[in-house]
Amino acid sequence: MATHHDQAICIRHWDFSDTSQTVGMFCRTTGIVRGIAKGARRERGAFSGGMDLLTMGELSWIEARSGDLCTLTSSLPTESWPALRTSPRANTGAWYVLECIGRMLEPHDPHPELFDGLVETFHGFARGDVEASMVRFLWSLLGETGFGPRIAAPDTEMCAFDPG
């Protein structure tokens with residue numbers, strides 16, 4: 001069985017047992033990977049006390065022979081955004097973005113540009129630029145998933161959006 005390595009952001013996690021977690025990770029070159037991190041909640045384990053949402057790291061895993069869950073072997077955190085936990089507006093925006101990713105992308109469908117956009121979005125949230133960062137990311141997500149609007153160039157020089 002091959003071991004895979006990728007940059008990943010934790011988009012979901014829940015306790016599986018006293019020491020293990022089940023997680024959903026958005027990986028740069030692999031897409032969404034769902035797996036079980038056995039012993040993740042142990043202080044001296046390969047996951048340093050558990051996987052944490054809104055944290056980016058280097059992830060390693062072994063693909064499952066059958067079924068949906070792979071076995072995560074290690075995760076080394078490389079970046080977190082403290083403002084996403086301390087600013088209510090940034091926190092709400094980050095949760096919304098993670099929910100959209102989890103609902104709109106299929107497992108193992110890579111979107112490296114979208115991953116890079118998510119990292120930039122979190123940097124924008126940390127700077128306090130929540131609304132503009134979210135709009136840019138959601139526009140990109142819609143385009144990547146085929147739900148983006150088709151805009152024809154009008155005869156005039158001005159374009160406007162009318163939601164009504």
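Modeller: Before we start, a residue is buried under 20% relative accessible area, exposed over 50% and partly exposed in between (1.4 Å probe, protein chains only). This is a predicted model, where local features need pLDDT of at least 70 and side-chain atom pairs count only at pLDDT 80 or more, while totals for chains, interfaces and linings use all residues. Residues are numbered from 1 along each chain as its sequence is written, and side-chain values use heavy atoms, leaving out hydrogens and water.

Colleague: Thanks! Why is Glu 99 called partly exposed?

Modeller: Its relative accessibility is 32%, which lies between 20% and 50%, so the middle class applies.

Colleague: And what makes Arg 103 and Glu 99 a salt bridge?

Modeller: The rule asks for a side-chain nitrogen of Lys or Arg within 4 Å of a carboxyl oxygen of Asp or Glu. For Arg 103 and Glu 99 the closest N and O atoms are 2.6 Å apart, so the pair qualifies. Both residues sit in helix 2 (residues 88-104), 4 residues apart, which means that about one helical turn separates them. Arg 103, at 62% relative accessibility, is exposed because that value is over 50%.

Colleague: Where in the chain are the partners Asp 52 and Arg 85?

Modeller: Their closest N and O atoms are 2.9 Å apart, so they too form a salt bridge. This pair links distant parts of the chain: Asp 52 is in the loop between strand 3 (31-37) and strand 4 (55-62), and Arg 85 is in helix 1 (residues 83-86), 33 residues away. Helices (H or I, at least four residues) and strands (E, at least two) are DSSP runs, numbered from the N terminus. Asp 52 has a relative accessible area of 41% and Arg 85 has 38%, so each counts as partly exposed.

Colleague: How do you know that Arg 127 and Glu 120 form a salt bridge?

Modeller: Their closest N and O atoms are 3.5 Å apart, so they pass the 4 Å limit. Salt bridges with shared partners also join Arg 12, Glu 99 and Arg 103 into one network. The total is 7 salt bridges.

Colleague: How many disulfides are there?

Modeller: A disulfide needs a pair of cysteine sulfur atoms within 2.5 Å, and the search of the whole structure finds 0.

Colleague: Are Cys 10 and Cys 100 buried or exposed?

Modeller: Cys 10 has 1% relative accessibility and Cys 100 has a relative accessible area of 13%. Both values are under 20%, so both residues are buried.
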